[in-house]
Number of protein chains: 2
Amino acid sequence: VNFVEVIAKKRDGGELSNEEIGRFVRGATDGSLGDEQLAAMLMAICIRGASARERQALVEAMRDSGARWRLGEVRPGVVDKHSTGGVGDTVSLLFAPLVAACGVPVAMMAGAGLGHTQGTLDKLAAMPGFVPARGREEALARLDRCGACFAAQSDEIAPADRKLYALRDVTATVPSLPLIVASIMSKKLAVGASALVLDVKAGSGAFCKSDEAAAELADALVQVARRAGVAVRALVTDMNQPLGRFLGTANEVRAALEGLAGRGDERLVGLTVELATEALVLSGLAEGEARERLRRALADGSARQRFDEIVVAHGGDPDPARLARPRRTVIVTAPAGGFVGRVAAEELGWLAVSLGAGRRRQGDAVDAAAGIEVHVRLGDEVRAGQPLATLALGERPVEVEALAVRAQRAFTLTEEPPPLPPLVRARFGGST
Amino acid sequence: VNFVEVIAKKRDGGELSNEEIGRFVRGATDGSLGDEQLAAMLMAICIRGASARERQALVEAMRDSGARWRLGEVRPGVVDKHSTGGVGDTVSLLFAPLVAACGVPVAMMAGAGLGHTQGTLDKLAAMPGFVPARGREEALARLDRCGACFAAQSDEIAPADRKLYALRDVTATVPSLPLIVASIMSKKLAVGASALVLDVKAGSGAFCKSDEAAAELADALVQVARRAGVAVRALVTDMNQPLGRFLGTANEVRAALEGLAGRGDERLVGLTVELATEALVLSGLAEGEARERLRRALADGSARQRFDEIVVAHGGDPDPARLARPRRTVIVTAPAGGFVGRVAAEELGWLAVSLGAGRRRQGDAVDAAAGIEVHVRLGDEVRAGQPLATLALGERPVEVEALAVRAQRAFTLTEEPPPLPPLVRARFGGST
């Protein structure tokens, strides 16, 4: 069968066989299908959707397009955590030492940040000398040494996803549930942790703007993971304002250190504990016992100490004094009094990128000193002139006035306090 | 605006502005958009459709992507005829001399045949020395010399269509009304005849399998032509069996000669006269006068004579004795008695291709001697053993037995005579 007929089937809303999906993924991997055929199929999937079976077949074919690390088979119980991306989302930096300090090994693979959310690897790179694990052997060695590893996205993992993602980016086929699920899960399944905790963000700063969209994605991710034999939990969590108070790489490392030392932002630490609880429950603990262990690891300094051990195991210097400091800071104040009624979280993320804290394009340099500290939370009452945020300027020359105005406008002040949605909106996968 | 956002708009069923459509067509013409973006947009248009305004903008942008010959401006009254492609559709070879003999100049641009229908240029090339006009000046010179010209599809005409058509072919985006209309009309409008007669085929041997699909296409083509200022008529005509009795290039030239001499197949000649009537009416004659002139041109030999003059003006030798003859013929007979209830017209077209009369791929050689003569018509009563068709074998080695079986199976014999649909199903554009 000519591949044109396979594209035609999906174009007309038909359901593709596993063989046809395999052909598509193989074509993306080995170049046997041209970009124009891949793009046409991506658009057809984007518009017509895919059944649960097609989604599963797509994920598994993409997982099998490259190497499989099968970490869970050689280090049983290893857990992975994934976030769909949020602003001020420093969780990974707290989650790994906290869960590892409770005796559960953690393995995460991350890429460089792109767009309005900053990448975990960029944050870790703010510590001099930190190098993520490259390849399976390095990942296993670090896991054995400190109970956690951060690995760099490897070319050998799910190469079909790399190819298809690059095409999706330029063909307006990013916002497609089956394609998003396939992109996330193909990589997770190729790394192959025993358990997976998913943090699906919902709100103005997230890819999923509504709770419904996030719930649909969370449910689809959980189904795919479960069918592939992975223990899984997913939380839908609030992203209508930055999660923590800090944006930027050195900024977020400092936020993590404070959180692990028991002085951190309560939303950031609170969500980390929720996700960590799911991880410990997936590894066999009862929920009460899990929460108690996590509380202790934070209280007795063992999570904080584990952070340093993990950084050292990755070649980095954990001394906070060596983190970059801003060249200058600019305080943005409230133009009038009122309640913080809305926070343009995505805009704050892009503002941080403008300051140098992230990348617009692959290959852009990241300025570790740049970032934003957010002083107010949704629902806070503020007086005119009260600080809303502090912009941390790094080495990059920026138009400070314009950025300060944008920052001020990112906070909408209202006469009435807004409703405050709960941090955790929904949980999926509990009944495994 | 990034082109990704334009694709996203159509992906979500939105209507593109003329500027956005212009950007798409420019991107196809000058290479400023990659194949993957063009393909994604084609698929989005294929699934989401396009409004009449978008269709018009697409056609005109594609027309303007290359040279415009504006033949109607320099040779007022010149008429063009276009068929959407059928089997045994020899009409162009009769239409040009017949209409020219009635005093109305005819200009047609044609490409090489591909697929189950044979191309007009291939048929003309069966006459030794025949070379179509290359470029506008040659087309005008021949028009002036003999009242008709056949031009080869030129690289300078609608280059955006060439690019997009090549992509559509491999991305399953051929069957899209707006894209089909744009492909046909961009070339017709770039040549720029004053009047246009369209023959939209409907049935098993045509691209439009149903009358409804053909009527929708005819209506869309008429609307676009009219909005572009071209006088236009379109007929929806039957393609549930080969139009004439002959398939193949030399075969069809002989069929044209017989038709012009008053001895031809009545369906082939009949449809030619219907289309020619529309052409004369568009050029200002009353219908009765038009039909009378056409009758006379056939009866007095002037149409037959004009054929020779046109061939000579194109460098060809009109002597029928110089047409290729088959190496061998094979008669296919009815396996049983009955009525000819169905004819697989497309299959007969592919069978002719298998014999060497057409091309599967661009660049394939065409064997002028190869072809098929069809002896029976839908509704005919046949006895067992009566000839159904004669296969004309050219130089190409073929598996005669297998082809003969395929030919026999192309005719379905039934106990009851089938309903016989009229040759002309509908007319569009009459109320200009």
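Author: What follows is a walk across the interface of chain A and chain B. This is a predicted model: local features need pLDDT of at least 70, side-chain atom pairs count only at pLDDT 80 or more, and totals for chains, interfaces and linings use all residues. Residues are numbered from 1 along each chain as its sequence is written, chains are lettered from A and ligands numbered from 1 in the order in which they are written, and side-chain values use heavy atoms, with hydrogens and water left out.

Start with the contacts. On chain A, 21 residues touch 21 residues of chain B; contact means heavy atoms within 4.5 Å. Next, the area. About 1,600 Å² is buried between the two chains, and carbon and sulfur atoms give 76% of it. Buried area is the accessible area (1.4 Å probe) that two parts lose on being put together, summed over both. In chain A, the residues that lose the most are A:R11, A:E36 and A:I47, together 35% of what that side buries.

Which helices supply this side? α1 (3–11), α3 (35–48) and α9 (159–171) of chain A each give at least two residues. Helices here are DSSP runs (H or I, at least four residues), numbered from the N terminus. The largest share, ten residues, comes from α3(A).
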